[in-house]
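Subject: Structure for you to look through

Hello,

I am passing on a structure that I would like you to read alongside this message. Please open it first, and then follow the notes below with the chain in view.

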Amino acid sequence: MPESIPAKPLPLYLQIAELLARQIKAGYWREGERLPTEAELSETLNVAVGTLRKSLALLSDQGVLERKQGSGTYAKQVAGTQQIYELFRLELHTGPGLPTAHILDVSRVSRPVHVPVIGGNAAGEVWRVRRLRFLSQVPAALEEIWFDANDCPTLTAAELGDSMYMFYQERFGRWISRVEDQVSAAPSPEWSSRPFGRSAGAYTGFIERTSWTATNAVAEFSQTWFDPTVCRYSSRLSQ
């Protein structure tokens with residue numbers, strides 16, 4: 001595997017907010033249940049109380065939490081929210097975990113036949129981004145991500161953050177509104193090596209995802225190989 005470059009991390013308060021939202025969605029706290037005190041949460045998460053309060057305030061504004069004066073902070077229904085990792089389906093067996101990424105390769109190439117037309121230009125070039133994905137610092141998955149190069153003539157690994165969807169929003173003003181996942185098993189790619197726990201050719205969990213914008217244009221295609229001994233694919237539905 002090529003030498004990796006850590007993606008630009010989210011601000012710490014956003015990391016904590018995303019982790020708490022993922023934990024609530026995973027059922028750590030049910031709707032209407034009171035969360036631990038700020039002192040207990042800050043100690044558990046190893047973060048300053050001031051940073052935690054900023055995270056809680058953000059989640060309250062987003063409708064994920066309800067803060068009651070003199071009573072505490074309570075979980076609310078998080079289905080249909082716009083969290084950064086709302087569409088991220090991998091979780092550690094021990095809990096959701098916070099996603100981060102290391103960039104392995106960024107290349108501008110001709111669109112391979114297995115990649116759908118992106119951006120409406122069948123003959124156009126695409127960017128291919130290869131990443132090693134971590135969950136709470138545990139190597140969990142390899143990703144190969146493809147998106148249209150027409151609106152982005154140059155790109156470096158240093159420009160990419162942990163969240164590609166946030167990158168699309170900030171760089172192109174492009175929001176992902178829906179995705180389709182096909183989950184199966186497949187051999188780990190030839191560029192696989194440690195610290196990912198599966199060697200090249202070893203079978204892994206496998207996700208092929210197509211992502212669309214609100215105008216029904218394909219914005220991204222990705223393939224993800226995940227280590228089933230470390231993590232699992234999880235999708236939750238609510239009414």
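**Notes on the model**

Leaving aside residues up to four places away in sequence, Thr-210 touches Arg-178, Val-179, Glu-180, Val-218, Glu-220 and Phe-221, where contact means heavy atoms within 4.5 Å. Thr-210 itself belongs to strand S9, and helices (H or I, at least four residues) and strands (E, at least two) are DSSP runs, numbered from the N terminus. Because its relative accessibility is 15%, Thr-210 counts as buried; buried means under 20% relative accessible area, exposed over 50%, and partly exposed in between, with a 1.4 Å probe and protein chains only.

Please keep in mind that this is a predicted model, in which local features need pLDDT of at least 70 and side-chain atom pairs count only at pLDDT 80 or more, while totals for chains, interfaces and linings use all residues. Residues are numbered from 1 along each chain as its sequence is written, and side-chain values use heavy atoms, with hydrogens and water left out.

**The sheet**

Seven strands form an open sheet in the order S1-S5-S6-S7-S10-S9-S8, with antiparallel pairing, and two strands are said to pair if DSSP finds at least two bridges between them. Strand S1 (5-6) and strand S8 (176-187) stand at the edges with a single partner strand each, so one side of each has no neighbour in the sheet.

Strand S6 (residues 125-135) is mostly covered, since ten of its eleven residues are buried. Eleven bridges join S6 to strand S5 (residues 99-110), and these two run antiparallel; Ser-107 has Arg-128 of S6 as its bridge partner. With strand S7 (residues 138-148), S6 pairs in the antiparallel sense over ten bridges, and here Arg-128 stands opposite Trp-146. The hairpin of S6 and S7 has two residues between the strands, and in it Ser-136 takes a positive phi near 50°.

S7 also pairs with strand S10 (residues 218-226), again in the antiparallel sense, over six bridges, with Ile-145 opposite Ser-222. Helix H4 (residues 164-172) lies across S6, S7, S8, S9 and S10, and runs at about 35° to S7.

**The helices**

Helix H1 (residues 12-25) and helix H3 (residues 49-61) have axes that come within 8 Å and cross at roughly 55°; axes are lines fitted to C-alpha atoms, for helices over the stretch in contact, and angles run from 0 to 180 degrees between N-to-C directions. That angle makes H1 oblique to H3, given that angles under 35 degrees count as roughly parallel, over 145 as roughly antiparallel, 65 to 115 as roughly perpendicular and the rest as oblique. Residues in this contact include Leu-12, Ile-16 and Leu-20 of H1 and Leu-52, Leu-56 and Leu-59 of H3.

Helix H2 (residues 38-45) and H3 have axes that come within 9 Å and cross at roughly 105°, which makes H2 roughly perpendicular to H3. In this contact, Glu-38, Leu-41, Ser-42 and Leu-45 of H2 meet Val-49, Leu-52, Arg-53 and Leu-56 of H3.

Glu-33 lies in the loop between H1 and H2, and is partly exposed, with a relative accessible area of 34%. Glu-33 and Tyr-74 are 41 residues apart in sequence, yet 5.4 Å apart in space, C-alpha to C-alpha.

Best wishes
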